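Student: I would like to learn how to read helix packing and a chain interface. Where do we begin?

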Amino acid sequence: MHSPAEKSGPRAGDPARRQHVWRRAATSILARREASIVIAGILLVIYFQSTTGVFLSQGNISTLGQYASATAILAAGQVLVLVSGELDLSVGMVYAMAPFLMFLAHGAGLPTVVAIILALLGCAVVGLLNGLITELLRIHSFVTTMGMLFLLNGFTLTISGGYPVQPHTGDLVAAIFGGNALAQFGWAIAIALAFQFVLVRTRWGLHTIAVGGNLTGATEAGVKVKFVKIRNFTVCSMLAGFAGILDSFHIGSITPLAGGTQIMFMCIASAVIGGTLLAGGVGTIIGAFFGALVIGILKDGFTLAGVSAYTFDMILGAAILITMIVNVHIGRFKLFGGQ
Amino acid sequence: MATNNEPLLRIENIAKVFGQNTALEDVNLEIGRGEVHGLLGDNGAGKSTLMKILCGLHQPTRGRIFFDGKEVHLHSVTQARALGIDCVHQDLALIPQLNVYHNMFLQRESLHGGPLGILNNRPMRKKARECLADIGVNIPSVDVPVGRMSGGQRQAIAVARSVYSNARLLLLDEPTAAMGAKEGAMILDVINRLRAKGDVSIIIIAHNYGHVFDVCDRVNLLQNGRITFSRATSETSIQELTDIVVNEYRNVAKEAQA
């Protein structure tokens, strides 16, 4: 997928123009990481619209937002962790725990907004623990967060007694925090944009890429690598909790079995097909947003078309494998060997 | 300045023990202002350990370090760098995914004000270009990820980064390792240009004796955790150094046989 500009780059005549072409080529590589998933999404929308005829109806778009929003928000945090070279398997359980924390705080007589903030602080503690255990006690994040996954699942089942509860709904606060499907989708877009900005335009993002790209190098350059990773774990957990709260308002029920490993793998899949490498150093949050959207489109489209859930899983699996192969081989060629 | 007669760096009786393993036994060294020193020695002689102590990554088990006439305790890279001691590691500490100027300004980024730490790329790009031109490094663009560049270009960028940070003592770990003749020559040119300016003292850790004689004022030989030889390059030769090292090896081999 070489653009003509990139191909002609080295051959272009005067140095000033060559520089310009190089810069354009460099930025367009980053743009293309997201471009391929966007194109896939558009093609799928066209396909489903033409086969089902109702895909672009207002009702279905709101269903789609519901499928994609929570995953996209989880994926934003997951990309931060992945780019810094780690992995968070506990996000799905944080997603399930957060609404219960909010429910308990609200039940204790606190206003909804305060209850949401307290729940998010609880999630921050989980992320902080993930980060501290991984960084200070040097346990691989896969193991740390897998332990946290089971621990939180048990914790949520214990505090809930295993029964679902009803969140407080109906007022403006509830509507803003996901009661309205469009509000939920709005949050997902805002979070994706904000964290993409953080990743590419701030010191935090620069250090995240540096830590994931070359840990030793970043350490020697004086980057506070532990702090960077712990911060990403913390933010990742808070985003997961926030997604859980939004979904609980939207669905109108808080169940201890919501999310879990299913949504965790979905958010990692979104990140991966969106162009984030598990190896660290490379990733895009906008790409993960579109990744979540494409997974949502697939799921929603197949449901409309009456295709079985088994087929959906096969196609999703194949899509992950193909995009990963393309990302690793073509992506690496573009970044390092590309001429 | 009153302290100008003092050497820039003086280390006395530095030792470093890792558990059972003594990496440095007793190292004494003086580096004058603007001088370029070669530090030679075989694998495992303790060169890298000495380097890591000087850049604040490791703390010595014994011994004292004087920088600019004052005793210093180097307990972190950041602190050593604040004093003006900067290190270009063998692995270069560059991030392949980041472009040239982000690499050069990593951990000293120029930012727009405010709590978010938004990067101000324009001055970084401009300064990176100026700095590279200043030491005679030619690269096509500072917007290209470093992962796309050649070994020589990366080395040059790493050196430029340290020089830009107003380093007064630059430690170069195998600057021409894994590099072709042409690229190696480019790096040596950069070092010679810095030597001519005289603002910065340099310690070059090297295997290649020829390169050391090209650019250094003085050579030091580190063997088994001690400096066993230290002489001005004008007073010694590649042959003499080679003989010392080879004789040492023969003696050890003989002892092992006996």
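Tutor: Begin with handedness: a crossing is left-handed if the near helix is turned anticlockwise from the far one by less than a right angle, and right-handed if clockwise. This is a predicted model. In it, the crossing of H5(A) and H6(A) is right-handed.

Student: How is the packing of two helices described?

Tutor: Two packed helices are described by the angle between their axes and by the distance between those axes. Here helix H5 (residues 112-136) and helix H6 (residues 141-160), both of chain A, pack at an angle of about 145°, and their axes are 9 Å apart.

Student: Which residues in H5(A) and H6(A) meet?

Tutor: From H5(A) come Val126(A), Leu129(A), Asn130(A), Ile133(A) and Thr134(A). They meet Ser141(A), Thr144(A), Thr145(A), Met148(A) and Leu152(A) in H6(A). The residues of this contact divide into 5 nonpolar, 5 polar and no charged.

Student: Now the interface. How many residues does the contact take from chain B and from chain A?

Tutor: Chain B gives 31 residues and chain A gives 32 residues. The area buried between the two chains is about 2,900 Å², with 58% of that from carbon and sulfur atoms. Gln97(B), Gln107(B) and Arg148(B) supply 25% of the area that chain B buries against chain A, more than any other three residues.

Student: Which residue forms a salt bridge with Arg203(A)?

Tutor: Glu109(B) does, with the closest N and O atoms 2.6 Å apart. The count between chain B and chain A is 1 salt bridge, and 7 residue pairs are in polar contact. On the side of chain B that touches chain A, the residues divide into 15 nonpolar, 8 polar and 8 charged.

Terms used
Residues are numbered from 1 along each chain as its sequence is written. Chains are lettered from A and ligands numbered from 1 in the order in which they are written. This is a predicted model: local features need pLDDT of at least 70, side-chain atom pairs count only at pLDDT 80 or more; totals for chains, interfaces and linings use all residues. Side-chain values use heavy atoms; hydrogens and water are left out. Axes are lines fitted to C-alpha atoms, for helices over the stretch in contact, and angles run from 0 to 180 degrees between N-to-C directions. Helices (H or I, at least four residues) and strands (E, at least two) are DSSP runs, numbered from the N terminus. Contact means heavy atoms within 4.5 Å. Ala, Val, Leu, Ile, Met, Phe, Trp, Tyr, Cys and Pro count as nonpolar, Asp, Glu, Lys and Arg as charged, and the others, Gly among them, as polar. Buried area is the accessible area (1.4 Å probe) that two parts lose on being put together, summed over both. A salt bridge is a side-chain nitrogen of Lys or Arg within 4 Å of a carboxyl oxygen of Asp or Glu. A polar contact is a pair of N or O atoms within 3.5 Å; within protein, one must be able to donate a hydrogen and the other to accept it, and residues adjacent in sequence count only if both atoms are side-chain atoms.
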